[in-house]
Amino acid sequence: MEADERRQFELTTLPHLDAAYNLARWLTRDEHAAEDTVQEAYCRAARYFKSFRGGDGRVWFLSIVRRVTFDWLEKRRSQEALPFNEDLHDQSDESANPEFVAIRKCDEATVRQALEELSPLLREVIALREIEGLSYQEIATVTQVPMGTVMSRLSRGRSQLQQRLAASQEGGSA
Amino acid sequence: MNCEEAVSLLQPYTDGELDLVRHLQIEQHLQRCAACAEQEQHLRSLRVAIASPSLRYQAPESLRARLQAALPSETATPIVVRKRSMPAFQLATMAAGVLLLVGMSATMGMLLSHPSSLMDERLADAVFADHVRSIQVDHLTDVVSSDRHTVKPWFQGKLDFAPDVPDLSEHGYTMSGGRLDYLVDRPVAALVYLRRLHAINVFIRPAANEETKAVRSLTRQGFHIRQWQQSGMAYWAISDLNDEELDEFVRLFRAALPQATL
């Protein structure tokens with residue numbers, strides 16, 4: 001990579017390193033794996049940088065990070081013979097309009113655990129929307145699915161998260 | 001609009017993703033329908049529950065170092081991005097240095113001779129470069145305080161204008177501090193606010209005529225920028241926050257400023 005190109009590449013990607021790490025960290029649920037996947041994504045991005053036509057560097061970099069991270073999740077699942085993760089494939093028939101229950105402010109550990117227990121695709125969309133603050137359109141571009149799919153995943157993710165948090169509150173201090 | 005429609009649109013509504021017409025329709029429906037309004041409250045309670053800053057992981061220093069080493073360098077002098085050799089900043093400081101040598105009046109002449117749109121684009125580049133540098137070199141603030149009564153006096157004697165420092169903490173935008181910065185070639189006050197772990201830089205300086213009064217939106221590399229003029233001052237707000245929250249921030253910020261010449 002030429003010096004000028006490398007400068008451009010670093011300007012495109014490095015401002016979004018926290019966003020990239022945050023996504024990888026939530027998906028892998030492991031700090032070392034998150035570092036590894038971000039580094040792999042960074043190198044892959046450098047190889048493809050010539051095909052980047054300007055525009056939103058964050059969305060472009062995050063889309064590479066999530067591809068590398070899902071590859072990692074798939075590989076690990078096959079290596080460790082983890083139970084089949086239905087959400088990597090399913091088209092859930094859960095209601096598109098879930099009913100929401102009231103929850104109080106929870107402690108951070110409870111929220112963290114509830115979010116980590118969601119399947120990767122739902123965890124991803126919650127992390128991108130609620131923590132990273134991306135718009136539906138940006139999430140659709142990062143995850144390479146139509147907006148409608150983003151909305152239904154978000155709906156399912158929130159619904160499941162709510163149920164888990166509400167359940168923990170009933171079982172806890174209530 | 002009936003309840004079934006309203007409920008199906010509640011999530012995009014609270015996410016700020018609806019067009020204006022449907023947004024207003026839902027708003028009206030929620031004022032009339034207690035059941036749907038309760039659903040909205042529950043939905044919002046989820047967001048409050050997970051709005052903890054510590055839920056956003058920050059890339060460790062070790063990772064930045066690894067990335068530096070990961071790419072083979074063909075140049076004799078590798079770029080250390082964490083240092084002040086940010087390329088855009090280098091350009092900005094070089095430009096600033098050259099322009100300062102030429103002299104302030106010549107500088108103003110050059111800037112004024114630019115069509116305003118070009119000028120905006122150039123300033124947007126500078127705003128972006130300043131913001132990126134501020135979040136990458138851990139030099140976000142010169143004066144660290146969540147108290148506007150500490151931040152505002154700090155600028156006295158350092159600038160030939162006194163920036164207003166609104167307190168927006170009750171709305172979830174915490175004051176983190178302030179610092180002196182340069183936008184292209186002129187000193188600016190930079191106010192720093194935090195929303196979760198997202199930093200918002202607000203650059204302030206006396207307005208030049210060519211800056212627009214209405215709020216304008218620009219983007220740079222996934223960072224959102226808002227620019228406006230108010231009471232003789234020019235403002236630039238930049239962050240990687242989403243559009244919706246940055247708009248809210250700008251609205252609150254503007255409302256908290258003196259309203260003299262709006």
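1. How many residues does the contact take from chain A and from chain B? The contact takes 60 residues from chain A and 53 from chain B, where contact means heavy atoms within 4.5 Å. This is a predicted model, in which local features need pLDDT of at least 70 and side-chain atom pairs count only at pLDDT 80 or more, while totals for chains, interfaces and linings use all residues. Residues are numbered from 1 along each chain as its sequence is written, chains are lettered from A in the order in which they are written, and side-chain values use heavy atoms, with hydrogens and water left out.

2. Interface area. Chains A and B bury about 5300 Å² between them, 54% of it on carbon and sulfur atoms. Buried area here is the accessible area (1.4 Å probe) that two parts lose on being put together, summed over both.

3. Polar links across the interface. There are 26 residue pairs in polar contact between the chains, both residues at pLDDT 80 or more. A polar contact is a pair of N or O atoms within 3.5 Å; within protein, one must be able to donate a hydrogen and the other to accept it, and residues adjacent in sequence count only if both atoms are side-chain atoms. The side of chain A that touches chain B divides into 28 nonpolar, 11 polar and 21 charged residues. Ala, Val, Leu, Ile, Met, Phe, Trp, Tyr, Cys and Pro count as nonpolar, Asp, Glu, Lys and Arg as charged, and the others, Gly among them, as polar.

4. Salt bridges. A salt bridge is a side-chain nitrogen of Lys or Arg within 4 Å of a carboxyl oxygen of Asp or Glu. Asp18(A) and Arg64(B) meet at 3.8 Å, N to O. Asp18(A) lies in helix H2 of chain A and Arg64(B) in helix H4 (residues 61–70) of chain B, so the pair joins two chains. Helices (H or I, at least four residues) and strands (E, at least two) are DSSP runs, numbered from the N terminus.

5. Burial of that pair. Asp18(A) is buried at 16% relative accessible area, and Arg64(B) is buried at 12%. Buried means under 20% relative accessible area, exposed over 50%, partly exposed in between (1.4 Å probe, protein chains only).

6. A network. Arg129(A) bridges to Asp15(B), the closest N and O atoms being 3.4 Å apart. Salt bridges that share partners join Arg129(A), Glu130(A), Arg158(A), Asp15(B), Arg47(B) and Glu244(B) into one network.

7. Cores. The largest nonpolar core has 60 residues; Phe9(A), Trp60(A), Leu62(A), Ile126(A), Leu161(A) and Leu165(A) have the most contacts inside it. Such a core is a set of buried Ala, Val, Leu, Ile, Met, Phe, Trp, Tyr and Cys residues joined through side-chain atoms within 4.5 Å. Helix H4(A) gives the largest share, 9 residues. Apart from this core lies another, of 27 residues, including Val151(B) and Leu257(B). Leu165(A) has contacts in both chains, among them Ile103(A), Leu46(B) and Ile50(B).

8. Chain B. Chain B has 9 helices and 7 strands. Val165(B) lies in the loop between helix H8 (148–154) and strand E2 (174–183). Val165(B) is buried, at 1% relative accessible area. Its contacts beyond four places in sequence include Val151(B), Leu191(B) and Tyr193(B).
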